Amino acid sequence: MAHEARDFGYLLGTLEGISDELLEAHFGLYKGYVARLNLMEEELKKTDKGHANYSWGHWSELKRREAVAFNGTYLHELYFENLQAKGDPSAELKQAIDESFGSYDEFLKDLKATGLSTIGWVVLTKSRADGKLHTYLLTEHHTGLPVLQDIILVLDSFEHAFAMDYGTNRGGYIDTFVQNINWEVVNQRFAEV
Ligand SMILES: [Fe+2]
């Protein structure tokens, strides 16, 4: 089944410190990943597997880049979903944050430092390996996420997510992102894992 781009237009005019102009451009980029994912999946179906090779090969190149389009699509959906300031971390989530990071303030410091350490994504996960919360960073869309992770919060730290409004001030954007987290969505994700 083809992947379909979702409409996140309800975010327009509702975010503090992130302009509609930037959001509209970001939606366009996201839709590009969805279109590319569909194209790649179709192309894979009709491409000869007979010349698969680590050095070069059309099928092999598609396969190597497949996760770029996939994560580019679904990390954006998770990110847009957890935008629009609502609620606070639930008591259960706060407890997990305290146990995993020491305190809520330490968690925020970790989130910001991780965002400043990548050109790409930051995810807050619950690990199936140790049951704790972790932040991990991805460079590009497909590199760096450990296995056994359930994602509960996503921060887009690519320049396209802030440069129009913040220039090179990635830290300022991350502070703004934190102010715009939809904790109702994050609490729900946490409750489900
Ligand atoms: Fe993005």
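User: What do buried, partly exposed and exposed mean here?
Analyst: Buried means under 20% relative accessible area and exposed over 50%, with partly exposed in between (1.4 Å probe, protein chains only). The model is predicted: local features need pLDDT of at least 70, side-chain atom pairs count only at pLDDT 80 or more, and totals for chains, interfaces and linings use all residues. Residues are numbered from 1 along each chain as its sequence is written, and side-chain values use heavy atoms, without hydrogens and water.
User: OK, which residues hold the iron ion?
Analyst: Its protein donors (N, O and S atoms within 2.8 Å of the metal, or 3.2 Å for Na, K and Ca; water is not among the atoms, so sites may look incomplete) are His-26, His-76 and His-160, each through NE2, together with Asp-156 through OD, at 1.9 to 2.1 Å. Along the chain they follow the spacing H-x49-H-x79-D-x3-H.
User: And where do His-26 and His-160 sit?
Analyst: His-26 belongs to helix α1 (residues 20-46), whereas His-160 lies in the loop between β3 (149-156) and α5 (163-166), 134 residues apart, so the pair links distant parts of the chain. Helices (H or I, at least four residues) and strands (E, at least two) are DSSP runs.
User: Buried or exposed, that His-26?
Analyst: His-26 is buried, with a relative accessible area of 2%, while His-160 is partly exposed at 27%.
User: Switching topic, what is the strand order in the sheet?
Analyst: The open sheet of three strands runs β2-β1-β3 with antiparallel pairing, where a pair needs at least two DSSP bridges.
User: How many bridges join β1 and β3?
Analyst: Strand β1 (residues 121-127) pairs with β3 over seven bridges, and Leu-124 stands opposite Leu-153 in β3.
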